[in-house]
Amino acid sequence: VTVALSASAGGSLDAAATSGEDAVDRSYDLPVLLNAGASGRIASNVLVTPGGQWGGWTSLDEALVDQGGARDSWSLQGGVEAEVFQLLGQPIPLRIGARTERLPFRFLGADNEWADETAFSGGTGMVLGGGAARLDLSMERGTRGSDAAGLKESYWRLLFSATVLGR
């Protein structure tokens, strides 16, 4: 079992006004973000990974009241990886996962409800060159918002990564 925890705090986001005679440059303090995750083998070829994040975005609620305010965000995610196939003697893992997230901002102002996001994903990967490189491919299908939130959309996301580990 592997467990990871992280926290970030401090810093600011500077927003430069780009148009309008009443436009004003602004600076926003970034919130505290807490992350936790774990991974563990439940069988020799099956890995389970839960995780979560919390963000203290209510610290910006007053500064953003005219745009609908801000609320604390959180996300929960989890996945399973199973090595069920082999190619050229290398295991080819199959991965499935799910994620749900409470988004921190309203869309189109305070007259709308808050938006949430949900996504499901699947993918695979391959180790090459005796561990010198790794290729990963995944696809995600997600939905965000609702009619009451003033934003309702669905999306597909394709992710590809190549890692050269070196020796």
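1. Glutamate 140 is buried, its relative accessible area being 10%, where buried stands for under 20%, exposed for over 50% and partly exposed for the range in between, with a 1.4 Å probe and protein chains only. This residue has its place in strand β9, strands being DSSP runs of E with at least two residues, numbered from the N terminus. The side chain of glutamate 140 makes a polar contact of 3.2 Å with the side chain of arginine 99; such a contact is a pair of N or O atoms within 3.5 Å, and within protein one atom must be able to donate a hydrogen and the other to accept it, while residues adjacent in sequence count only if both atoms are side-chain atoms.

2. On the basis of the values: the model is predicted, so that local features need pLDDT of at least 70 and side-chain atom pairs count only at pLDDT 80 or more, whereas totals for chains, interfaces and linings use all residues. Residues are numbered from 1 along each chain as its sequence is written, and side-chain values use heavy atoms, with hydrogens and water left out.

3. Glutamate 117, in strand β8 (residues 114-128), is also a buried residue, with a relative accessible area of 6%. Its side chain is joined to that of arginine 144 by a polar contact of 2.5 Å. Setting aside residues up to four places away in sequence, glutamate 117 touches Arg99, Thr100, Glu101, Leu103, Thr143, Arg144 and Tyr155, a contact being heavy atoms within 4.5 Å.

4. The largest pocket has a volume of about 450 Å³, and among its 27 lining residues Gly78, Gly79, Ile96, Gly97 and Ser121 lie nearest its centre. A pocket here is an open set of points on a 1 Å grid over the protein atoms alone, where a 1.4 Å probe fits, with protein on both sides within 12 Å along at least five of seven lines, and lining residues have an atom within 4 Å of a point; grid points are joined across faces, edges and corners, and the volume is the space filled by probe spheres set on the points. Strands that each supply at least two lining residues include β4 (33-43), β8 and β9 (133-146).

5. Glycine 37 lies in strand β4 and counts as partly exposed at 24% relative accessibility. Glycine 37 and threonine 58 are 21 residues apart in sequence and 23 Å apart in space, C-alpha to C-alpha. Apart from neighbours within four places in sequence, glycine 37 is in contact with Thr2, Val3, Ala4, Pro50 and Gly51.

Definitions and conventions:
Helix = DSSP H or I, 4+ residues; strand = E, 2+ residues; numbered from the N terminus.
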